[in-house]
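Here's a quick briefing for anyone meeting this structure for the first time. Have a look at the chain, then come back for the tour.

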Amino acid sequence: MTIRRNQVLALAAPITLWAIHFTILYALVSAACSPRALMSITTMQTLSFIATIIALIGAGLPILRVPARRKNDDMATAIRLAAVISVIAIVLNAVAFPFFANCGG
């Protein structure tokens with residue numbers, strides 16, 4: 001089995017998008033809940049929703065683009081599984097944002 005460069009990128013892209021999405025959501029919470037309140041909670045929720053949609057589209061593309069498992073095609077299976085795991089992680093990152101009422105504990 002020959003592994004091509006685009007296959008390695010397809011394997012790493014969904015995981016990288018999850019990490020970027022996590023960082024963006026963390027930065028949005030930090031900006032909204034800082035003592036200076038750089039943005040409102042509503043703005044944070046809106047921006048987190050937009051970031052989540054973009055991340056889901058980007059991380060979910062390999063699920064649709066990589067052909068279904070063929071015999072002895074372990075790399076295609078790995079790419080699809082990485083994409084599925086990343087999509088689940090992105091959803092779980094964002095699931096609490098609609099319930100943010102304030103920055104208190």
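Does Asp-73 count as buried or exposed? At 15% relative accessibility, Asp-73 counts as buried, where buried means under 20% relative accessible area, exposed over 50% and partly exposed in between, using a 1.4 Å probe and protein chains only. A word on the source: this is a predicted model, in which local features need pLDDT of at least 70, side-chain atom pairs count only at pLDDT 80 or more, and totals for chains, interfaces and linings use all residues. Residues are numbered from 1 along each chain as its sequence is written, and side-chain values use heavy atoms, leaving out hydrogens and water.

**Loops and the tail end**

- Asp-73 sits in the loop between H2 and H3; helices here are DSSP runs of H or I with at least four residues, numbered from the N terminus.
- Ala-37 belongs to the loop between helix H1 (5–33) and H2, and it has a positive phi of about 50 degrees although it is not a glycine.
- With 46% relative accessibility, Ala-37 counts as partly exposed.
- Phe-97 is placed in the segment after H3 and counts as buried at 8% relative accessibility.
- Phe-97 and Val-29 are 68 residues apart in sequence, yet 9.3 Å apart in space, C-alpha to C-alpha.

**Inside the helices**

- Met-75 lies in helix H3 and is buried, its relative accessible area being 8%.
- Gly-58 and Ile-15 are 43 residues apart in sequence and 10 Å apart in space, C-alpha to C-alpha.

- Leu-47, Phe-49, Ile-50, Ile-53, Ile-54, Ile-57 and Leu-61 make a nonpolar surface patch of about 650 Å².
- To join such a patch, residues need over 30% relative accessible area and no salt bridge, and nonpolar side chains (Val, Leu, Ile, Met, Phe, Trp, Tyr) are joined within 5 Å, while like charges are joined within 9 Å.
- A salt bridge is a side-chain nitrogen of Lys or Arg within 4 Å of a carboxyl oxygen of Asp or Glu.
- Ile-54 is found in helix H2 (residues 41–65) and is exposed, with a relative accessible area of 57%.

**The largest pocket**

- The largest pocket has a volume of about 310 Å³.
- A pocket is an open set of points on a 1 Å grid over the protein atoms alone, where a 1.4 Å probe fits, with protein on both sides within 12 Å along at least five of seven lines; lining residues have an atom within 4 Å of a point.
- Its volume is the space filled by probe spheres set on the points, which are joined across faces, edges and corners.
- The largest pocket is lined by 16 residues, and Asn-6, Ala-10, Pro-62, Arg-65 and Val-66 lie nearest its centre.
- H1, H2 and helix H3 (74–94) each supply at least two residues of this lining, and H1 gives the most, with six residues.
- The lining of the largest pocket divides into ten nonpolar, three polar and three charged residues; here Ala, Val, Leu, Ile, Met, Phe, Trp, Tyr, Cys and Pro count as nonpolar, Asp, Glu, Lys and Arg as charged, and the others, Gly among them, as polar.

Terms used
Accessible areas come from the Shrake-Rupley method with a 1.4 Å probe; for residues, only the protein chains shown count as cover.
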